[in-house]
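Dear colleague,

I am passing on the structure we spoke about, with the sequence alongside. Please look through it first; my notes follow below.

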Amino acid sequence: MADIDPKEPPVFGELQFEFALAPVSVQSKAAAKKTLAAAIRASTRQLEYILTGDVSVEVEWLVHARARYESDASPDIDNIIKPLLDSFAGPDGLIIDDCQIRSLGVAWIDWTRSDEQLRISFRYSPDEWTSRAGLRFVQLSGNLCLPFEGGLPGDLLRPLLEHYERALIVSNELDQLVGDYYLARAVLPVQRLFHRTRIRGFPVSTLAALKAELSQDLQR
């Protein structure tokens, strides 16, 4: 974490984390998973931003070959992924949800030390992030939600919401008219949408509720 700027993600689009920890298996006890998650989130919650676009993840597990070849205590490599990725997701994490992961690579690397280490790299589009402070989601239509920075002033946020509302109407009309998902999606914001079930732990407001809240604020 010493080399990571907590205010903005690197412009070259890659972040790497190192933890002096052994991975845990998806079958491990809840206490072991919580210990891993706590160690990871102690680092990620220091960041003032959260990634909102798709990411590619590379996991390197440094472990002595004896632990891999001559013991049944070492977890299978395919079983260490979910606890790791879950620990990076959520309000205190680096990403909103693991549905953002577009590609994933994982490997164990032999080293001569008796302890173990995890190195996790994230590659992302440098402009697909938002401030963590005040982050909330607005539910635009059905179960589709869009992240918003809570720090935007109301006189700017209101026309922005109205623009998204009109874009959503046009998108739905295009989809019904021509049945082309990609054409309909093209009129929506570049920022990806999230299904309501993917944003556990984040504050969510309906579009109508947020507009009403803004109206009250502007009248004060």
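What percentage of the 220 residues in the protein chain do buried residues make up? They make up 40%, and please keep in mind throughout that this is a predicted model.

To begin with the overall picture, the protein chain has 6 helices and 10 strands, and its C-alpha atoms fill a box of roughly 65 × 45 × 35 Å when taken along the principal axes. Among the contacts in the protein chain with a separation of 6 or more, 78% are accounted for by residues 24 or more positions apart. The chain exposes about 12200 Å², of which carbon and sulfur atoms supply 51%. As for charge, there are 24 positive and 31 negative charges, and their mean positions are 6 Å apart.

One part to look at is an open sheet of 4 strands, in the order 1-5-3-4, with mixed pairing. Strand 1 (14-19) and strand 4 (101-110) stand at its edges with a single partner strand each, so one side of each is left without a neighbour in the sheet. From one strand to the next, the twist averages 15 degrees.

Helix 3 (residues 81-88) is mostly covered, with 6 of its 8 residues buried, namely Ile-81, Pro-83, Leu-84, Leu-85, Ser-87 and Phe-88. Just after helix 3, Gly-90 takes a positive phi of about 110 degrees.

The other element I would point out is strand 7 (residues 135-141), which is likewise mostly covered, 6 of its 7 residues being buried. Strand 7 pairs with strand 8 (residues 144-149) in the antiparallel sense over 6 bridges, and Leu-135 stands opposite Glu-149 in strand 8. The hairpin of these two strands has 2 residues between them, and Gly-142 takes a positive phi near 55 degrees there. Strand 7 also pairs with strand 10 (residues 204-206), this time in the parallel sense and over 3 bridges, with Ser-205 in strand 10 as the bridge partner of Val-138.

With kind regards

How values were computed: Residues are numbered from 1 along each chain as its sequence is written. This is a predicted model: local features need pLDDT of at least 70, side-chain atom pairs count only at pLDDT 80 or more; totals for chains, interfaces and linings use all residues. Side-chain values use heavy atoms; hydrogens and water are left out. Two strands pair if DSSP finds at least two bridges between them. Axes are lines fitted to C-alpha atoms, for helices over the stretch in contact, and angles run from 0 to 180 degrees between N-to-C directions. Buried means under 20% relative accessible area, exposed over 50%, partly exposed in between (1.4 Å probe, protein chains only). Contact means heavy atoms within 4.5 Å. Accessible areas come from the Shrake-Rupley method with a 1.4 Å probe; for residues, only the protein chains shown count as cover. Lys and Arg count as positive and Asp and Glu as negative; His and the chain ends are not counted. The place of a charge is taken as NZ of Lys, CZ of Arg, CG of Asp or CD of Glu.
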